[in-house]
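Me: I am new to this structure and would like a close look at a single part. Please keep the answer plain and connected.

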Amino acid sequence: MTLFLVITAVVTLLAAVAAMSLRNLVHSALMLAVSFSGIAAIYLQLNAEFVGFTEILVYVGAIAILIVMAILLTRSGETPEHSVLTSGWLAGIAVTALLFTLLGWAVLSSSALPAAPAAPPRVTVRDIGLELMTQYVLPLEIVGLVLTVAMIGAVVIACKEAAPAPAVSPAAKTSRPPTPAGHPAAPVPAPAGAFKKAGAA
Amino acid sequence: MNPLQFCLLVSALLFSIGFAGAVTRRHAILVLVGIELMLNSANLNLIAFWRFGPHPEALTGFIFVLFSMALAAAEAAVGLALVIAIYRHKKTSNLDEVKELKG
Amino acid sequence: MIWIVKNLWLIPALPLFAAGIIAVNKQPRRKLAATLAIGSLAVGFLLSLCAFSATLGHTAGVVHEVFSFHWIKFGGEWMDLGWVLDPLTAIMLVMVTFVGMLIFIFSIGYMEHDRNFMRFFCFLALFASGMLGVVIANNLFLLFVSWEIVGLTSYLLIGFWYHRPSAAAAAKKAFITTRIGDLGLLLGMVWLYAQTGTLNFYDHGHGCLETDALTQMATDVTVGGMAVSTFIGLLIFLGAVGKSGQVPLHVWLPDAMEGPTPVSALIHAATMVAAGVFLVARVYPLMAAGAPVLAHGAPVTTALTVVTWVGAITAIFAATIAVAQNDIKRILAYSTVSQLGYMMIGLGVGGVAVGMFHLITHAFFKALLFLGSGSVIHGCHDEQDVRKMGGLRKFMPVTFVVYAIGMLALAGFPLFFSGFWSKDDILHHAHEWSVSQIPFYLGCAGALFTAFYMTRQVALVFFGQYRGHSADSHAEARLHGNPESAAHGAPHESPAVMTVPLILLAVFAILLGVIGTPAWPWFAGYMRGEATVLDWTKFGDTAALMVASSVIVLTGLALGWFLYGRRQRKTVGEKDVLEAAQPAVFKLLQNKYYIDELYEHTVIRFNAFAARACAFLDTWIFGGLVLLVSYAALGCSWLSRTLDEKFVNGGFDAGCESLRSTGGGLSRLHTGRVQTYLRIIGVALVLLIIFLIWGKA
């Protein structure tokens, strides 16, 4: 537990707080990037160099940029004048407090945590590649599939729809988002990944 | 406090911050931002346990985190696509106004 | 058991069958009806002669031959019914069947023009069966049933011409007045049963008129210090008062003349009204129970004293009224009431034999007189007012002769006529009565009046000049349903079918006297079960009385002849001789001492008030209770419905409503807002972790 680790952690947390509380969305996204970088630094200090670099590549390089793109595409670049908090935000804060209290207490009072840190492991990319290709080859393939599906799905969802056909069945009146032309019966990929992931955390 | 506990606490705090943002902010994209933070905190948790756990040479936590990152990316892509689609349909990205599922 | 006693029931049963067969015939079959009715009575007469001969020859006291059969079981005991054959029964059977037969034959001629011939004979036969049932009954219950049949047929026959309001009213009056008397009879019957445990008169020592029961009843004392036997006897006598028209229940008998004349003859002269006297004779042992033994004469008890006084008052009362009447039948009706009073005196002072002798002789000459008046009415084309008759002996000689015989018998003309001997018997015993001589004097006064008014009647009807004209009397013509009968001119003699019975009755009216003379008191001996010998010296004992009564009768005859026979009425509207002399008294007598009006203003009014009160009670209180119950039922049903609607249905509805509102409330959780869901997920997560941590612990 070096000082550097502590400082990095603090920076990360502050950036996270800023990301969640700034009014301007673009600022918020940039702060998110800073937070991600901080986490990458923490990874580097924990001898998980590959994960750290992967973090910067994926999160900072892709996801943060993606978020900025989305902000710009939904015309939310300007600072809003009205309140940025949703109705019932106090209940949310309460739940959060409760959650943190529980987690913190669990961590601090647990007796199952190993006490003595082991020697730092030496991880080479070669080892990672070997593991991936032998033991974890199935998840690897599946992840590939998932990524493919996600990509296609994202494209389908975000595609601009054509003019709606007049003889389409009244089922189009349901509250589903309008399907693009050419795929009238294609079901919208139901699991909005964000919600599902939040529930499974 | 040993390093493991510290890392776990940081992860917990990061998770709470992300959760607070997800349930408090009005803009849909900021909810996704919060979710990304929560995912990151989980990854951090995993790496901390891999580093200070009994068998770091098995690379279990490591590989887990790799996959988690991949999936997080996929999920962020799809989620943002959804936000754009909703924005196009309802001309707003305010989550308070998206309540067609109200029962 | 000799066969006649076992088959005594045939005598009332045959007329009953005849009545039944006549009743079911819808088509008028007059010959059949008349043949059945007369035939049944003729056979009954022959059987009665058999029964009579079976009772002759007993010299050791009265023998009661009894036949009983089990009828119904009360608890553990059988109630027996049956009939008895003794001198009383036998003599009554012979009289009723013979006189009834003659009257039935007379009716063929009298009712020839009537449309309802069949109905008449049906009722007559029914009456005959009831009367004969009364006579043979050994059980007071059976007697009561037959008594009621007799009362019913009397009502039916009085109101035979029912479309006449006066006839219908008279029938009702007769029935109700006799009913009041019957109440006493019923009470007496019930008490007798309670006291002795049996209603059989003679039952080999166990009957209620036999010694054991009588001594017990004579010694038990009840209300007012009277012996039980006295009280029961008086109650039963009340029934006789109603049926025999004694004062104060005499009011129905004169009105009963609304019925056809054969009815008046049979029922209200010879038989039915005699049933009351017969009843007293039948229960005489009960009334005489407990009497101190006298040297001579009849026993004296309270009950018999009451009987005597009632009879005496009735005798003089009715005789005075008869003096002032103008309807031929009404004179005879009041005469009947008066003679019934004499019979009661006879029973009270002299015993069964004395009263019954007068009953038998009276039956014959009163039936004769009534039938004769029927012949007169028929010949005068249904005229009944004596002021409109006169000089009929020229037109109807046979009727005149027989009527005169009957009148002399009734008046008691000495020596040749039966009425003299029977009335003398009564007066003789009244003279010897130890309690009081007043009944004797009243009887003598009554004899005077009887002779007087009968002479008056005969003089007005048969002597002088004919005062009526044929155009007056359409009344009874229409009653008969045949208006052509008024078309004849002068009065005419009746056909043979009507005069032959009259002649037969007249013969007996004379001959019957023979069996009751003091020299040869066969009748009294027969009734008492003693032997009688012909003894001319007995005339000496009663000579003084015989002379005295002869003088009274001849005085009455002379007075009547003097006032009415010598100076004849010329016109219809002329005032009666007595009326001219004493208008106030005459008016009082003519209006029957205003007894009917008295009853109208007291009893009838009270009855109407009581009926109104009962109607009120029924409508408001009993009806009100029923209404209350119905309202209670309605209320219960309303309550049930309300409970069902409000509580059961409402409960279900409320339950469903609460489920719905809960669902509605719960559905508000689905806000459709993502962040709400996230918060709830957060809470759930916390709870899950807590559960995992502590659940495992």
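In which sense, left-handed or right-handed, does α9(C) pass α14(C)?

Reply: This is a predicted model, in which local features need pLDDT of at least 70 and side-chain atom pairs count only at pLDDT 80 or more, while totals for chains, interfaces and linings use all residues. Residues are numbered from 1 along each chain as its sequence is written, and chains are lettered from A and ligands numbered from 1 in the order in which they are written.

The crossing of α9(C) over α14(C) is right-handed. A crossing has that name if the near helix is turned clockwise from the far one by less than a right angle, and is left-handed if anticlockwise. Helices here are DSSP runs (H or I, at least four residues), numbered from the N terminus.

Two packed helices are described by the angle between their axes and the distance between the axes. Helix α9 of chain C covers residues 228–243 and helix α14 of chain C covers residues 302–322; their axes come within 9 Å and cross at roughly 25°. Axes are lines fitted to C-alpha atoms, for helices over the stretch in contact, and angles run from 0 to 180 degrees between N-to-C directions. The crossing angle makes α9(C) roughly parallel to α14(C), a label for angles under 35 degrees.

On the side of α9(C), the contact is made by Thr230(C), Gly233(C), Leu234(C), Phe237(C) and Val241(C). From α14(C) come Thr302(C), Ala303(C), Val306(C), Val307(C) and Val310(C). Two residues are in contact if their C-beta atoms, placed from the backbone, lie within 7 Å. By class, the residues of this contact are 7 nonpolar, 3 polar and no charged. Ala, Val, Leu, Ile, Met, Phe, Trp, Tyr, Cys and Pro count as nonpolar, Asp, Glu, Lys and Arg as charged, and the others, Gly among them, as polar.

As for confidence, chain C has a mean pLDDT of 85, with 95% of its residues at 70 or more; pLDDT is the predictor's confidence in each residue, from 0 to 100. Residues 482–487 of chain C have pLDDT below 50, and this stretch has 14 contacts in the model beyond near neighbours in sequence. For the complex, the predictor gives an ipTM of 0.92 and a pTM of 0.64.

Chain C also touches chain B, in a contact that takes 10 residues from chain B and 10 residues from chain C. The side of chain B that touches chain C has 5 nonpolar, 1 polar and 4 charged residues.

Note on methods: Helices (H or I, at least four residues) and strands (E, at least two) are DSSP runs, numbered from the N terminus. Angles under 35 degrees count as roughly parallel, over 145 as roughly antiparallel, 65 to 115 as roughly perpendicular and the rest as oblique.
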